[in-house]
Amino acid sequence: MNEDYDVVIAGAGPAGAQCARDLASRGYDVVVLETEAADEFPKQSNKSTAGTFPSMMSSFAIPDDVVQQYTKTVVLESPNEYYVREQPGAVLDFAKFKRFLVEDGQEEGAEYRFESRATAPIVENDEPVGVTYNGDEEVYADVVIDATGPAAPLAKKLGVSDLKRENHAIGIEFELEGIDIDHPEFADLHDAMMLRLDHDIAPGGYSWIFHTGGDTAKVGVCYIQNESHQEHGRSDFSIDDYLGYWLENDPRFADAERIEGRQHRGSAHIQPPGKMHTDRFMAIGDTVPTVDPLWGEGIHTCMKSGRAAATAVDRCLKHGRQKPTAANLEVYDTLWHRDVAPNIDSRLLMTHLLYLASNERYDKLMADLNRYDEETLAKANNGNKRAIMKLLGLSDLSLVWKVLRDK
């Protein structure tokens with residue numbers, strides 16, 4: 001077995017698998033270390049909600065057979081109001097999606113070592129030159145990439161990871177059948193992805209219903225361990241309790257039942273990015289704060305971060321022109337801020353304002369959204385500060401001041 005590669009990647013999630021896929025297609029020797037066993041990959045316990053947009057599907061040549069349902073609208077709910085916008089989307093079968101990325105990468109020549117838990121970087125002359133896994137096994141490479149998510153065992157030991165507990169988002173999701181998709185008290189959720197802002201259900205976060213066809217949907221809750229969660233949350237409630245509370249009290253779930261084996265858990269961090277690379281090393285996916293701060297969409301952003309890292313590797317190693325020093329890998333940071341998370345600061349500001357607002361303000365927001373044109377809303381979503389200010393009123397000034405003071 002080869003022990004010296006161009007690139008070693010820890011983690012076979014969307015970021016790691018896409019990075020391996022890109023690198024292998026360009027002719028690089030790449031090996032991926034994945035903790036799970038091959039015959040169990042991927043386990044159902046730790047998954048994304050798997051809501052994404054057609055732009056991701058086309059950009060990364062993802063086949064239709066990993067899609068559970070193509071959707072036509074995005075619905076935003078508050079405790080008493082809702083807003084509907086035409087927006088095509090795709091709800092993925094996340095297990096099929098991840099298996100496709102791995103198998104396609106293998107066909108391109110990427111090597112996968114399953115049941116291989118990365119534990120630490122191998123450092124020589126103050127530079128990472130490989131990875132220790134499963135205790136005492138070693139693999140060497142010109143470039144090391146950590147795509148393990150918030151665990152970040154390599155990034156943390158190299159001083160790259162700067163994930164904060166107060167910015168940690170955790171979520172749980174069930175797939176249900178027997179849901180009343182078009183209940184008269186709510187918006188029609190046929191072919192829709194719905195996000196709900198309601199501190200009674202998800203204090204400091206949001207909940208969702210993503211239609212997957214017929215009377216089935218993905219239903220989940222996510223909250224961030226932020227100041228709003230501390231204010232509105234219940235000390236006796238876990239993330240599971242909040243989802244249970246919603247299922248018991250929302251009439252759309254009166255006759256719903258869980259689909260066996262279809263439970264997903266996940267976590268990420270929503271905060272400004274810090275250091276993302278050093279000599280011969282890059283952190284990608286949720287190892288750095290890559291999830292879209294406003295919509296919580298992480299698949300597309302993780303895939304783009306994997307592609308940005310592959311581009312940085314190619315720029316350095318092609319024809320042996322450059323050593324992968326921190327200076328030469330700086331292009332990864334440039335591509336990340338341009339392609340993965342443009343306008344990250346202003347979008348994070350809007351996210352903080354959103355999650356710290358009250359339930360009453362959420363109801364007013366839905367009414368406001370129905371009054372504004374789609375161009376203004378699209379600009380605000382992309383972090384345009386003028387458009388964001390249009391959504392704010394005098395009553396929001398104290399909240400804005402609070403967020404800016406905390407920043």
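Which residues touch the most other members of the largest nonpolar core? Select Ile9, Ile62, Leu92, Phe97 and Ile145, which hold that position among the core's 104 residues. A nonpolar core is a set of buried Ala, Val, Leu, Ile, Met, Phe, Trp, Tyr and Cys residues joined through side-chain atoms within 4.5 Å; buried means under 20% relative accessible area, calculated with a 1.4 Å probe on protein chains only. Next, colour helix 7 (residues 299–317), which supplies the largest share of this core, 10 residues. Helices are DSSP runs of H or I, at least four residues long, numbered from the N terminus.

This is a predicted model, in which local features need pLDDT of at least 70, side-chain atom pairs count only at pLDDT 80 or more, and totals for chains, interfaces and linings use all residues. Residues are numbered from 1 along each chain as its sequence is written, and side-chain values use heavy atoms, with hydrogens and water left out.

Now centre the view on Ile145.

Proceed to helix 9 (residues 344–356). Of its 13 residues, 10 are buried, among them Arg347, Leu353 and Leu356.

Finally, select Val400 in helix 13 (residues 397–406). Val400 has 18% relative accessibility and therefore counts as buried. Beyond residues up to four places away in sequence, Val400 touches Leu353 and Leu392. Between Val400 and Leu356, 44 residues apart in sequence, the C-alpha to C-alpha distance is 9.9 Å.

Conventions. Helix = DSSP H or I, 4+ residues; strand = E, 2+ residues; numbered from the N terminus. Buried < 20%, exposed > 50% of the residue type's maximum accessible area, 1.4 Å probe, protein only. Contact = heavy atoms within 4.5 Å. Expected span 1.5 Å × (residues − 1).
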